[in-house]
Amino acid sequence: ELLFTSCARLQEKTGVPLGACCLGDGLGVSFRPEFPEPDAARCAARIAELAQRILVPAGLGGAALRMVLGRRLCAHSGLYVMRVTAVKPRQRPLVLTDGSCAMQRGSFLFSGGRRLSAPGKRAGKELLACDAAGASPDERDRFADGCLLPPLRAGDLLALHDVGADGGFCTAAGPACAEYLLRTDGTVRLLRPAGTAEAYAADGL
């Protein structure tokens, strides 16, 4: 509503015709199983209602409405896999990994409830509330707080779910991780090898 109102005011004050209105990241996804995904049909109906009420009277009914749907389409298809390097015993065990939140654009969201699992470990009754952190000494390098995981030890795998739209990228925190595509026929294709910030810059990635 705020965006459409601003577009109408801009048109009124400048007389410049509006070709398109960008709704940004679109509908988004739910990173917690207990929260439902946004209802696409209801969102579309509400957007259409606002456009009819605000844009059409301002003469902007022909403006294109655009949004980025990459997160909605891809988020649940991505895993960030790391290996446990140590488990620090305490009231809520701290699982240390060779991963880094710096590899993901949405790292600031991790402690807010991203799902973690331990591939190859059976989820029995012995689930423990754990904190999971990356290799960086930075206190913000935390993947999750209070997540339920089976007992882990050094060498086990840990997978962060729903990162398909975040994408890995390299920062000063260290070398970038490799990226792989698991195809529907079961084969795996290397998309990008592990590298450094310099290598990615040289490749234009």
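Residues are numbered from 1 along each chain as its sequence is written, and side-chain values use heavy atoms, with hydrogens and water left out. As the model is predicted, local features need pLDDT of at least 70 and side-chain atom pairs count only at pLDDT 80 or more, whereas totals for chains, interfaces and linings use all residues.

The chain averages a pLDDT (the predictor's confidence in each residue, from 0 to 100) of 81, and 81% of the residues score at least 70. Over residues 197–205 the pLDDT is below 50, and beyond near neighbours in sequence this stretch has eight contacts in the model, a contact meaning heavy atoms within 4.5 Å. Where pLDDT is low, the predicted coordinates should not be read in detail.

The chain holds four helices and 10 strands, taken as DSSP runs numbered from the N terminus (helices, H or I, at least four residues; strands, E, at least two). From the N terminus on, these elements follow the order α-β-α-β-α-β-β-β-β-β-β-β-β-α. Of the contacts in the chain with a separation of 6 or more, 66% are accounted for by residues 24 or more positions apart. The accessible surface, from the Shrake-Rupley method with a 1.4 Å probe and, for residues, with only the protein chains shown counting as cover, comes to about 12,900 Å², of which 57% belongs to carbon and sulfur atoms. Buried residues make up 29% of the 205 residues in the chain, where buried means under 20% relative accessible area, exposed over 50% and partly exposed in between (1.4 Å probe, protein chains only).

Six strands form an open sheet of mixed pairing, in the order S5-S8-S3-S4-S6-S7; two strands are taken to pair if DSSP finds at least two bridges between them. Strand S5 (116–117) and strand S7 (142–149) are the edge strands, each pairing on one side only. Within this sheet, strand S3 (residues 79–88) and strand S8 (residues 157–161) pair in the antiparallel sense over five bridges, and arginine 83 stands opposite leucine 157 in S8. Strand S4 (residues 94–97) pairs with strand S6 (residues 128–133) in the parallel sense over three bridges, with leucine 94 opposite aspartate 131 in S6. S6 is also joined to S7 by five bridges, the two running antiparallel, and here alanine 133 stands opposite arginine 142 in S7.

The structure holds zero disulfides, a disulfide being a pair of cysteine sulfur atoms within 2.5 Å. Cysteine 130 is in no disulfide, the nearest cysteine sulfur, that of cysteine 147, being 5.8 Å away. Cysteine 130 is buried because its relative accessible area is 3%, whereas cysteine 43, at 26% relative accessibility, counts as partly exposed.

Aspartate 162 is found in the loop between S8 and strand S9 (179–182), and its phi is near 60°, a positive value in a residue other than glycine; with a relative accessible area of 8%, aspartate 162 is buried. Arginine 192, placed in strand S10 (residues 188–192), likewise counts as buried, at 18% relative accessibility. A polar contact of 2.7 Å joins the side chains of arginine 192 and glutamate 179, such a contact being a pair of N or O atoms within 3.5 Å of which, within protein, one must be able to donate a hydrogen and the other to accept it, and residues adjacent in sequence count only if both atoms are side-chain atoms.
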